[in-house]
Amino acid sequence: MSTPSPEASNVLFREKLWPSVGTWIWPLLIAITAGVAVAPISIPWGIAVGLIVLVGIVVLFLLKVPTLEVTEESLTVGRATIERKFVGEAIGYRGEEAFKQRGQKLHGLAFMNLRGWLDAVVRMEVTDPRDETPYWITSTRRPEELTAALGGVMYEFTEEAQRESSELEAKEAARFRTPDSTNEQG
């Protein structure tokens with residue numbers, strides 16, 4: 001019987017970002033395309049090429065699945081690792097705000113581990129003064145758990161989100177309170 005290593009015993013969060021069910025259609029479509037491209041030369045060769053391409057892509061998909069892991073000492077996202085003492089504020093995002101974080105609010109120097117089949121992201125500030133990277137951002141299926149493991153919060157509980165929400169509510173209320181000038185002259 002093997003004893004667990006001390007490193008494995010202090011894992012606070014661990015997640016593998018497996019491709020979604022819908023993502024697996026792409027290796028099949030690419031393999032069929034490769035097989036059809038070779039089939040006019042030889043049908044057996046076309047089938048063989050299609051199967052080889054399919055197996056190759058599936059193996060690549062399985063080998064390239066990134067792992068997110070938080071321990072007491074470090075944070076690992078895919079092949080990158082950073083010491084926890086250099087991880088600042090962690091904020092989890094879902095929905096529209098996650099979309100903005102992956103797009104219009106994304107910093108060009110950020111470390112990114114984004115997967116198109118996952119909606120939620122977690123943004124982790126980098127506080128190392130020697131590192132030009134402002135933050136890491138990663139896709140996750142469990143942003144609440146990842147942010148909790150890092151001592152962070154979900155976006156909807158931040159002051160920024162509360163302020164945006166109250167501003168939006170004020171705009172909506174003002175829009176309904178403002179009388180239409182054409183109705184007053186009626």
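**Exercise 1.** Determine which residues of helix α2 are buried and where they lie around its axis.

*Solution.* Step 1: P27, A31, A34 and G35 are buried in α2, where buried means under 20% relative accessible area, exposed over 50% and partly exposed in between (1.4 Å probe, protein chains only). The model is predicted: local features need pLDDT of at least 70, side-chain atom pairs count only at pLDDT 80 or more, and totals for chains, interfaces and linings use all residues. Residues are numbered from 1 along each chain as its sequence is written, and side-chain values use heavy atoms, without hydrogens and water.

Step 1: W26, T33, V36 and A37 are exposed on the face of α2 turned away from its buried side.

Step 2: The buried residues of α2 pack against α3 (43-63).

**Exercise 2.** Describe the largest nonpolar core and the elements that supply it.

*Solution.* Step 1: A nonpolar core is a set of buried Ala, Val, Leu, Ile, Met, Phe, Trp, Tyr and Cys residues joined through side-chain atoms within 4.5 Å. The largest has 19 residues, and V70, L75, I82, M124, W136, L146 and L150 have the most contacts inside it, a contact being heavy atoms within 4.5 Å.

Step 1: Elements that each supply at least two residues of this core include β2 (67-71), β7 (121-126) and α5 (143-149). With three residues, β7 gives the most.

Step 2: A second, separate core of nine residues includes A98, A110, V121 and Y135.

Key. Helix = DSSP H or I, 4+ residues; strand = E, 2+ residues; numbered from the N terminus. Arc of directions from axis to C-beta.
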